[in-house]
Amino acid sequence: MPRGETESSSGVEQTSIRVSKDEIRTILELDQWFANTKKIKLLTAEARVLLFVLLNGTTSSTEGLSIAKTSAGSYFAVLRRLKDAGLITAEVDPNDRRSKLLKAN
């Protein structure tokens, strides 16, 4: 059974997983290395954005688009899926009302 999951009478039940910032940084660096050297994306756009937000606490929507490595249209679908899953929130940036700040839940 994967780390962070427990067995319940109705199947597998999710529990919290503890991952250090160093581990998150290593995962993102490994994904970047494969993308640059082998032209392979190991992580989904959702995983890249979520890990980047977890690593940085708060991230601008523009930074999220850069890390997602997708088109703008696909990126907004990624954000919608992360928000619908309750993994992130997007709030108006108080310093720039045109921009959103992404935060992990």
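Let's start with the hairpin: strand 4 and strand 5 form one, with two residues between them. Strand 4 covers 88–93, and strand 5 covers residues 96–104. The two run antiparallel and are joined by six bridges. Two strands count as paired if DSSP finds at least two bridges between them.

A quick word on what you are looking at. This is a predicted model, in which local features need pLDDT of at least 70 and side-chain atom pairs count only at pLDDT 80 or more, while totals for chains, interfaces and linings use all residues. Residues are numbered from 1 along each chain as its sequence is written, and side-chain values use heavy atoms, with hydrogens and water left out.

Now, where does the hairpin sit? It belongs to an open sheet of three strands, in the order 3-5-4, with antiparallel pairing. Strand 3 (58–60) and strand 4 are at the edges with a single partner strand each, so one side of each has no neighbour in the sheet. From one strand to the next, the twist averages 30 degrees. As a reminder, strands of a sheet pair through backbone hydrogen bonds, either parallel or antiparallel.

On the strand 3 side, three bridges join strand 3 to strand 5, and these two run antiparallel. Thr58 stands opposite Lys103, and Thr59 has Leu102 as its bridge partner. Helix 3 (residues 61–68) packs on the sheet, touching strand 3 and strand 5, and its direction makes about 85 degrees with that of strand 3. For that angle, axes are lines fitted to C-alpha atoms, for helices over the stretch in contact, and angles run from 0 to 180 degrees between N-to-C directions.

Stepping back for a moment, the protein has four helices and five strands, and from the N terminus on they run β-β-α-α-β-α-α-β-β. Of its 105 residues, 29% count as buried; that means under 20% relative accessible area, with exposed over 50% and partly exposed in between, using a 1.4 Å probe and protein chains only.

My favourite element is helix 2, residues 45–56. Its 12 residues reach 17 Å from first C-alpha to last, close to the 16 Å expected at 1.5 Å a residue. That expected span is 1.5 Å times one less than the number of residues. Buried residues in helix 2 include Ala45, Leu50, Leu51 and Phe52. Its buried residues pack against helix 1 (21–38), strand 3, helix 3, helix 4 (72–84), strand 4 and strand 5. After helix 2 comes Gly57, whose phi is positive, near 85 degrees.

Is Arg48 buried or exposed? It counts as buried, because its relative accessibility is 3%. Leaving aside neighbours within four places in sequence, Arg48 is in contact (heavy atoms within 4.5 Å) with Leu28, Asp31, Lys41, Leu43, Ile67, Ala68 and Lys69.

Next is Val49, also in helix 2, which counts as buried at 1% relative accessibility. Not counting residues up to four places away in sequence, Val49 touches Gly64, Ile67, Ala68, Tyr75, Val78, Leu79, Leu82 and Leu102. Val49 and Tyr75 are 26 residues apart in sequence and 9.4 Å apart in space, C-alpha to C-alpha.

That takes us to the largest nonpolar core, which has 18 residues. Such a core is a set of buried Ala, Val, Leu, Ile, Met, Phe, Trp, Tyr and Cys residues joined through side-chain atoms within 4.5 Å. The residues with the most contacts inside it are Leu28, Val49, Tyr75, Leu79, Leu82, Ile88 and Leu102. Which elements give two or more residues to this core? They are helix 1, helix 2, helix 3 and helix 4. Helix 2 supplies the largest share, seven residues.

With residues up to four places away in sequence not counted, Ile88 touches Leu50, Leu79, Leu82, Lys83, Leu102, Lys103, Ala104 and Asn105.
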